[in-house]
Structure formats: structure tokens, C-alpha cells
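Work through the exercises below with the sequence and the model open. Each task is followed by its solution in steps.

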Amino acid sequence: MKIIMLGAPGAGKGTQAIQIAEKYRIPHVSTGDLFRSNISNNTELGKEAKGYMDAGKLVPDELTVRMLFDRVSKDDCANGYVLDGFPRTIAQAEVLEAELAKRNDKIDYAIDVEVPDENIVKRMGGRRACVKCGATYHIEHVPPKQEGICDHCGSELVLRADDAPETVLKRLQVYHEQTQPLIDFYGSRNILHEIDGTQDMNQVFADIVKLLGE
Ligand code: AP5
Ligand code: MG
């Protein structure tokens, strides 16, 4: 099963993708997490990506596509994956479609997690992310057991550099300009499914399971 998560920054793509990956036993592939891990390991790719990310802009397609295909060509992705944060431009979606078509393959579901902009800005200020494993929390909705410490790996939780309010607004603007057109793109492929992302996160997941099957 190959799934794409669509939605604005902070819509809950990562939160849902982690649960999908666990339930359906497929890897969770987040381009944002891959970039952040390159940044913390100080790689060339990380150095290039950082400036764009901190400014709330998209990393150029060429770099992003290369990194993504590197990841999905690994053995654990042979039976499918859930993509979180990719594609984010029509050009990325077209490359993905063409690469899959070469192998007689295609994306099965594009799940759009819908949340209006006003809810997003409120959510992001409360988000905390693990510096090591990327797990996300929310100071009100999903607090860690111990303040500032990741439940999974015990590392420190931080406010992401790009979650400052002015950067969130920039990311929303970039989303509307460059990523939202993907909703029509996947609608025209008849694989688009819209889910109400303003609900409690367990209800959002229940709606996704209804769609994908038990
Ligand atoms: P990326 O890491 O993908 O960030 P994003 O799309 O901006 O999305 P977020 O991770 O901020 O939000 P999310 O939807 O995953 O929400 P979450 O589940 O955490 O990308 C970062 C940057 O990398 C980009 O800006 C760009 O520069 C670069 N990049 C990445 N991919 C790229 C690409 N393909 N091309 C070019 N550049 C790329 O939830 C948010 C918060 O809300 C959490 O605190 C969570 O606990 C809480 N929450 C979740 N669901 C609910 C709910 N139902 N109710 C209440 N709270 C909730
Ligand atoms: Mg995310």
C-alpha cells in the first residue's frame, strides 16, 4: 500500500502517518524528518536545506527528489510506504508518478488532512519535537509523561526552529501557493480522500482506518 499525506503545515500529517505506519506495517517516510536528521548530522545536504527550512520556504525540488528516491528504494519500502510531506509541488508529484509508472506501480491513496489556517497557528506554538527520534507532542493535546523529555527515547524536546509564528505564516503561504494545487492533481487521479483534521486526533485516525480498511 502506497499512501501520500497531504495537508497544511501542522495539519497532523506526521501524527497520523506514524499511526498508519504502525498499523499497516509500512515505513513512515517524512522528507521534513529526513532533512532535519541531515541537519543534525551536519551533512552537505543538511547544510543546503537548512536556510530554506528556517525561512519557511521549500527546499529545491532537485535536492528533495533525490533524497526521497534514495529512501524509498531501500528494501523496507518494497511493500509500500506512507509519504509525509512529499510531494509538495506539482513537479515533485509528476516525478513520483513517472518513477512509479516505470515499475507499473502507482500511489493508492492521497489523504488530505484538512485544517483551517486559524487552527494551525494556535497548534504550532504548542508543538514540541524530539531532537533525536522526531516524535511530536503538544503541550496541551499530547503532553509527554515528563515535561521536556521524549517518552520514546528519553531525549530532549524542543520547539522546532520553523515553528516561530512568523515562519508558520510564511509556511502557510507557501503551502497555499505551491502545495494546495496537489489536491486537484490527485482528485483528477481519483485517489483523493479528504479527512476532517480539526477533530480529536483519535477520531481523525478512526476515519483513516475506515478508508484504508481494518
Ligand atoms: P515538514 O516537516 O514536512 O513540515 P510541515 O509540512 O510544515 O508539517 P509539520 O511537520 O509542521 O506538520 P504536520 O502536518 O506533520 O503536523 P503534526 O502531526 O506535527 O517540512 C518542514 C520543512 O522541510 C518545509 O517547510 C520545507 O522547507 C522542507 N521540506 C519538507 N518536505 C519538502 C518537500 N517535499 N519539498 C520541499 N521542501 C520540503 O501536528 C502538529 C501539532 O498539532 C503537533 O503538536 C500535534 O501534536 C498537534 N496535533 C496533531 N493532530 C491534532 C489534532 N487532531 N488535534 C489537536 N492537535 C493535533
Ligand atoms: Mg510533520
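**Exercise 1. Identify which residues come nearest to ligand 1, and describe the shell around ligand 1 by residue class.**

Solution. T15, K57, R88, R127 and R171 come nearest among the 36 residues around ligand 1, where a residue is near if one of its heavy atoms lies within 4 Å. The model is predicted: local features need pLDDT of at least 70 and side-chain atom pairs pLDDT 80 or more, while totals for chains, interfaces and linings use all residues. Residues are numbered from 1 along each chain as written, chains are lettered from A and ligands numbered from 1 in the order written, and side-chain values use heavy atoms, without hydrogens and water.

By class, the shell holds 12 nonpolar, 14 polar and 10 charged residues. Here Ala, Val, Leu, Ile, Met, Phe, Trp, Tyr, Cys and Pro count as nonpolar, Asp, Glu, Lys and Arg as charged, and the others, Gly among them, as polar.

**Exercise 2. Find the backbone atoms of G12, K13 and Y137 that lie by oxygen atoms of ligand 1, and state how much of ligand 1 the protein buries.**

Solution. Start with G12, which has a backbone N or O atom 3.0 Å from a ligand oxygen. For K13, a polar backbone atom is 2.8 Å from an oxygen of ligand 1. For Y137, the distance from a backbone N or O atom to a ligand oxygen is 2.9 Å. The protein buries 96% of the 1,000 Å² that ligand 1 exposes when taken alone (Shrake-Rupley method, 1.4 Å probe).

Next, assign the shell to elements. Two or more residues each come from α1 (13-24), α2 (31-40), α6 (117-126) and β6 (136-138); helices (H or I, at least four residues) and strands (E, at least two) are DSSP runs, numbered from the N terminus. The largest share, 4 residues, belongs to α2.

**Exercise 3. List the buried residues of α3 and locate them around the helix axis.**

**Exercise 4. Describe the backbone at P87 and R25.**

Solution. The F86 to P87 peptide bond is cis, with omega near -5°; P87 sits in the loop between β3 (81-84) and α5 (90-102). R25, not a glycine, has a positive phi of about 55°. R25 belongs to the loop between α1 and β2 (28-30) and is exposed, at 76% relative accessible area.

Notes. Polar contact = N/O pair within 3.5 Å; in protein donor to acceptor, adjacent residues only side chain to side chain. Buried < 20%, exposed > 50% of the residue type's maximum accessible area, 1.4 Å probe, protein only. Arc of directions from axis to C-beta.
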